Amino acid sequence: MAGPPWEKVACSLKESTMETKRFSISLVVVLFLILALQILSAIDFDPYRILGVSRTASQADIKKAYKKLAREWHPDKNKDPGAEDKFIQISKAYEILSNEEKRLSFDRYGDVGENQGYPQQQQHQQRQFHHFHESFYFDESFFHFPFNSDHRDSSDEKYLLHFSHYVNEIVPDSFRKPYLIKITSDWCFSCIHIEPVWKEVVQELEALGVGIGVVHAGYERRLAHHLGAHSTPSILGLINGRITFFHNAVVRENLRQFVESLLPGNLVEKITDKNYIKFLSNWKKENKPHVLLFDHMPLVPLLYKLTAFAYREYLSFGYVYVGLRGIEELSSQYNINVYTPTMMVFKEHVDKPADVIQARGMKKQLIDDFLSQNKFLMASRLTSQKLFQELCPVKKSHRQHKYCVVLITGESDKFAAGSEAFLAFAMANTKDTLRFVHIYGSSQREFARALVPDDDKFWGKSAVVILERHNNAGRVVYRALEEPWSGSKEDNFILLDMLDQLRMDPGFLSSDAILVDLNDELAPIFFLRWTYSAVDYLSECWDSLFHSNWREMMPLLSLIFSALFILFGTVIVQAFSDSGDERDAPPPKKEDPASKSEKNDTSFTKDNSSFRIPKKGFVEVTELTDITYMSNLVRLRPGHMNVVLILSNSTKTPLLQKFALEVYTFTGSSCLHFSFLSLDKHREWLEYVLEFAQDAAPIPNQYDKHFLERDYTGYVLALNGHKKYFCLFKPRKWEEGADASGRCDDPDLAEGQGKPSSFSPPRARSVKSKLDKLSLWMERLLEGSLQRFYIPSWPALD
């Protein structure tokens with residue numbers, strides 16, 4: 001008989017209670033295991049042990065150990081499967097120990113707070129949250145969201161970019177391959193949303209040869225600002241040092257098309273029966289081997305375009321779609337297998353390829369190995385100094401010899417037979433230690449005169465010279481054939497005998513000479529270079545007009561409105577000016593001899609440069625603002641410098657007075673300009689520039705409590721806008737030049753007089769003493785003996 005209903009309810013409650021207890025126990029066990037793993041991982045990670053230094057090691061020892069281990073375990077050099085994880089640990093350990101604050105935190109608590117990039121309020125909240133977890137014995141990382149910096153996707157770690165790495169390595173490398181760079185940050189929901197697509201695209205494009213980079217805006221704000229990324233996530237492309245932003249939806253096909261759009265449009269030429277002879281015959285004009293790819297894809301593969309961009313200085317590329325009608329003659333001429341991708345390299349002979357590869361799947365490494373062995377013609381023409389250095393490298397040791405056999409000939413048809421014979425000799429005697437080249441004597445006269453004997457028998461004839469470069473300064477040892485080169489069998493035997501003697505005795509090259517640099521024969525003329533630069537600039541402005549935000553467009557809009565203001569202002573002034581003033585003006589009075597002689601003494605010429613004596617007591621000092629920044633610094637003419645005084649609102653008057661007195665004697669030079677910069681308005685700009693002068697003006701941690709209290713008033717910067725460097729004048733401390741009453745040892749001169757200024761308060765005199773010795777510094781500036789600090793590019797003043 002069934003019991004009452006409340007008994008069933010009681011049984012069900014007991015069962016649910018038991019289930020709850022089991023679940024609670026399971027949850028506690030899981031939490032305990034997680035906590036144990038966290039503790040074990042924290043104990044296992046010891047930055048001192050990873051770098052192999054003691055806890056009392058200095059920063060120099062830590063840096064030395066890091067460089068040694070980084071070179072050893074870098075994934076590009078170390079093929080060990082665990083090299084990447086080891087390199088990440090080494091970088092993390094150095095990041096902790098190189099920062100004194102993080103190192104102190106690790107020494108005290110065995111952990112490091114990653115709060116360097118967060119606002120002050122957020123740091124305070126995280127500290128409170130951390131204390132809350134500690135009171136309940138939970139590790140902080142258990143509560144982190146997946147988009148926090150501590151749980152960033154590990155796949156992005158190896159692509160992280162730093163400012164110096166970007167400027168020194170990534171930008172130069174962008175002239176060989178395009179880069180796809182992602183700008184990300186913490187607490188970014190959109191960054192999480194695009195992460196799966198980004199991983200898929202990176203895996204595909206990196207295998208094709210596209211460079212990948214990731215910039216964390218929280219830790220690399222300087223690099224993010226340099227790239228112009230003001231929001232996250234942002235994706236941009238970098239090619240030939242030029243940045244292009246991606247503005248479409250983040251999907252695989254759009255990103256692939258974006259990378260393809262970065263590449264120039266004329267890298268690969270479509271080849272058919274109609275144009276293949278003309279294409280392959282251009283080897284003589286372009287001085288390059290020509291490459292043909294036969295494939296069944298209607299469009300040129302992206303891998304082939306990227307390869308053409310990487311080798312565009314050495315090779316010319318053509319593509320043949322084997323499924324197209326009109327290539328029957330081409331296929332039969334070279335016996336093409338239409339079912340397998342085929343790549344051919346043609347050099348001096350267009351009827352037969354110099355080298356061929358066939359493969360079902362053309363991989364990047366296979367193509368690179370194939371093309372790197374066929375970068376040059378069998379007997380290339382020396383058209384530039386760069387090509388000469390690559391074909392004829394400098395001798396590295398006594399045992400490693402690299403010889404160049406140079407045919408000095410002409411361009412007319414009468415030299416054709418000798419050139420063909422020289423090419424046949426080169427193909428029959430190819431060796432690793434020999435390189436055969438030829439040069440036109442009419443185009444490189446200085447080179448030919450230094451090597452060919454000044455004899456009538458060589459006039460209007462070809463000559464052959466064997467040489468070896470000894471250094472980069474142009475010194476070579478050589479030996480020339482005693483008779484002109486005609487390509488006869490006798491000439492071939494003589495040259496072969498000389499090469500045999502050279503192999504037995506390196507001292508066979510008995511003559512030496514100093515060669516001047518070769519002219520670049522294939523460089524475009526100035527008008528074409530200017531046209532290309534103008535087209536690139538206009539296309540960049542057009543792209544910015546439609547896609548850039550207002551902050552990015554402000555410099556362009558400011559330039560446009562300034563030009564319009566100057567234009568209309570000039571028209572209005574001319575319209576309202578009285579043209580009859582000049583006619584009605586009385587004739588000028590005749591100058592007396594004394595005033596005339598005085599006038600002649602106020603200007604003179606020295607070293608073909610105009611100097612002027614300024615009006616007594618007057619120095620033109622302009623403020624460096626957003627309006628004057630471009631003309632007074634960024635676009636400053638070559639040879640001109642802008643001497644900038646750093647001041648604040650409270651020190652403006654005394655510093656300007658002292659500055660004018662110190663630089664007054666140097667205002668006669670038309671190459672010097674004088675300005676002042678307000679520290680209250682542009683402190684961030686000054687901090688950025690001074691980062692490049694750490695030896696002379698070290699800057700402490702950017703996030704210390706005295707960040708906004710550092711005093712830069714009285715600093716003077718001599719800025720060379722064209723060559724992108726500056727010289728720094730640091731003022732001496734007040735205590736060195738002032739006693740307890742505020743009086744200086746060297747009293748300041750009153751403005752425009754030679755007497756001490758007794759009416760200036762002690763505070764003003766102390767401020768003025770900062771610029772003592774500035775005139776001596778200016779003399780060293782004009783002598784060129786000051787230390788120069790170079791900067792990659794001038795930052796925006798705003």
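The model is predicted, so local features need pLDDT of at least 70 and side-chain atom pairs count only at pLDDT 80 or more, while totals for chains, interfaces and linings use all residues. Residues are numbered from 1 along each chain as its sequence is written, and side-chain values use heavy atoms, with hydrogens and water left out.

**Asn287**
- You will find Asn287 in the loop between α12 (283-286) and β6 (290-295); helices (H or I, at least four residues) and strands (E, at least two) are DSSP runs, numbered from the N terminus.
- Asn287 counts as buried because its relative accessibility is 11%, where buried means under 20% relative accessible area (1.4 Å probe, protein chains only).
- The Asn287 side chain reaches the backbone oxygen of Arg381 at 2.7 Å.
- Beyond neighbours within four places in sequence, Asn287 is in contact (heavy atoms within 4.5 Å) with Asn282, Leu377, Ser380, Arg381, Thr383 and Leu387.

**Ser185**
- Ser185 sits in the loop between β1 (179-184) and α8 (189-208), and is buried with a relative accessible area of 18%.
- Its side chain makes a polar contact with the side chain of Thr232 at 2.9 Å; such a contact is a pair of N or O atoms within 3.5 Å, and within protein one must be able to donate a hydrogen and the other to accept it, with residues adjacent in sequence counting only if both atoms are side-chain atoms.

**Helix α26**
- In α26, 9 of the 12 residues are buried, among them His682, Arg683, Trp685 and Glu687.

Notes
Buried < 20%, exposed > 50% of the residue type's maximum accessible area, 1.4 Å probe, protein only.
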